[in-house]
Amino acid sequence: MIPYSKQYIDQRDIGAVSAVLKSDWITQGPTINKFEENLANYCGAKYAVVVSSGTAALHIAYMAADLKTGDEVITVPNTFVATSNMLLVVGAKPIFCDIKEDTFNIDETKIEKLITKKTKAIVPVHFAGAPCEMGTILKIARKKNLLVIEDACHALGASYGGIKIGNLKSDMTVMSFHPVKSITTGEGGAVLTNNKNYYEKLLSLRSHGIHKDQNGFNVMAEMGYNYRMTDIQAALGISQLKKLDKFIEKRRRVVSWYEEALRNHEEIILPVTNPDSACHVYVIRTKRIMDRLPLYNFLRNAGVGVNFHYPAVYSHPYYQKIGYAGFKLPMEEIYHNSCITLPCFPGLSEALIKRIAKLINLFYEKN
Ligand SMILES: *Cc1c(COP(=O)(O)O)cnc(C)c1O
C-alpha cells in the first residue's frame, strides 16, 4: 500500500541521531537549543520552543494565551481534532467557522459574525499547507482585540505574501513534526513567537511550570507538564530542517504531476494551486458526493492509501455528545462528504502519480 504520506530519513539523519546517543546529553542538553535556534531562524521568528508533539504545542500555546473556561475561540472544523481538543482541555469553547470552497481554509468573511463578548482568539489552520488569508484575519483580530494562534502543523516551509509562516504578526504559531508533516522528529512539535512573555511562559509550561530564580534555584510558580522533546529527537530535527526546502520542492512537484494528469477530469474537482503552499496533503473532491466512498474503496483495493482530511471535528461522537449534535456548516458538509486525500510526500515518483491518475480514470470508466 502506498501511504498518503511518509517520512524521508537518510544516512545523515541517522548519523546525527547516533552522535547524540553517544554524547552526555540525550535530553535537556544543548541539541534542543540548537534546534530551536535553527527553527526560529528558518521561520524568521524570534523564539521557538520545541515540545513532545504538535498537540502539546497547541496545549501550552493556549495556556500561554491564558485561554480558559468561558472563553470562545473561533476555529475550523476542517482540521485534526487536536486543534479544538486542546481548546476543550483548557476549558475554552470552540466556535466553528465555515471553510472556503477553493482552499478549504477558514472563510475569513464569516469570522466577524461569530465574534461575541466572550471571543478571545482566532485559531486559523493552514490546511494542506496553503496559508489562510492572514492579512484579513490579523486585521479583524486587531480591530476586535483578539489573539491569533496559527495552527501551522501543515505549513512549515510555506509562506504568505513573501513571508515565511512563523513570522507573520500573529501571537503564536504551532508546528508538528509527526512523520507525515514537512519534517519529522518522530513525535514532536513547536511554538514560535516574537513575544518574550509568551516565550518565557511556554518554557515554564513545557517543564512542570518550573523556572530558575536569580540564584539558579528551581521554582514552581504555576501548573505545567513534562512536554519536553529529547535531544535525540532534536538532532533528527536539525538534520531534517536542512532538507526542508528540498522536501517542499519535491512535494510541489508531486502536486504539479497530479495537476497535469488530472486537470481535465470531468468528475473530480482539484484544489486550487498555491505556489507558496507547503503541499502537506493533496485533496481532490468528487463532483458527485455518492462517488466518494466507492472511489476511496477502489483506490484502497488497488493499493493506494487514500485518506480523508478531515471528517468535520463537530461530527465526531465526542463532539456530538458535548453539544454539537445537529450543528452543521454548509460548505464544510459538502467538503467533508466529497474529499479524498491522495498520496503526497517527497519520495513519490511521476510514474506512481500517473498510475494513481490512471486508476481514477479506470474507476470512472466503470462507474
Ligand atoms: C498533526 C496535526 C496536529 C497535531 O500534531 P501532533 O504532532 O500529531 O500532536 C494538530 N493540528 C493539525 C492541523 C495537524 O495536522
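The conversation below concerns the predicted model shown above.

Me: How many helices and strands does the protein have?
Reply: The protein has twelve helices and 14 strands.

Me: What is the radius of gyration, and what would a compact globule have?
Reply: The protein has a radius of gyration of 21 Å. A compact globule of 367 residues would be near 21 Å, so the two agree. Along the principal axes, the C-alpha trace spans about 75 × 55 × 40 Å.

Me: What share of the residues is buried?
Reply: Buried residues account for 55% of the 367. As for the surface, the protein exposes about 16,300 Å², and carbon and sulfur atoms supply 53% of that area.

Me: Which contacts join residues at least 24 apart, as a percentage?
Reply: The figure is 69%, taken among contacts between residues at least 6 apart in sequence.

Me: Turning to charge, how many positive and negative side chains are there?
Reply: There are 44 positive and 35 negative side chains. The centres of the two sets lie 1 Å apart.

Me: How many disulfides does the structure hold?
Reply: It holds zero disulfides. Cys 43, for instance, is in none, and the nearest cysteine sulfur, in Cys 153, is 12 Å away.

Me: Is Cys 43 buried or exposed?
Reply: Cys 43 counts as buried because its relative accessibility is 1%, under the 20% limit.

Methods: Residues are numbered from 1 along each chain as its sequence is written. This is a predicted model: local features need pLDDT of at least 70, side-chain atom pairs count only at pLDDT 80 or more; totals for chains, interfaces and linings use all residues. Side-chain values use heavy atoms; hydrogens and water are left out. Helices (H or I, at least four residues) and strands (E, at least two) are DSSP runs, numbered from the N terminus. The radius of gyration is taken over C-alpha atoms; the globule rule is 2.2 Å times the number of residues to the power 0.38. Buried means under 20% relative accessible area, exposed over 50%, partly exposed in between (1.4 Å probe, protein chains only). Contact means heavy atoms within 4.5 Å. Accessible areas come from the Shrake-Rupley method with a 1.4 Å probe; for residues, only the protein chains shown count as cover. Lys and Arg count as positive and Asp and Glu as negative; His and the chain ends are not counted. The place of a charge is taken as NZ of Lys, CZ of Arg, CG of Asp or CD of Glu. A disulfide is a pair of cysteine sulfur atoms within 2.5 Å.
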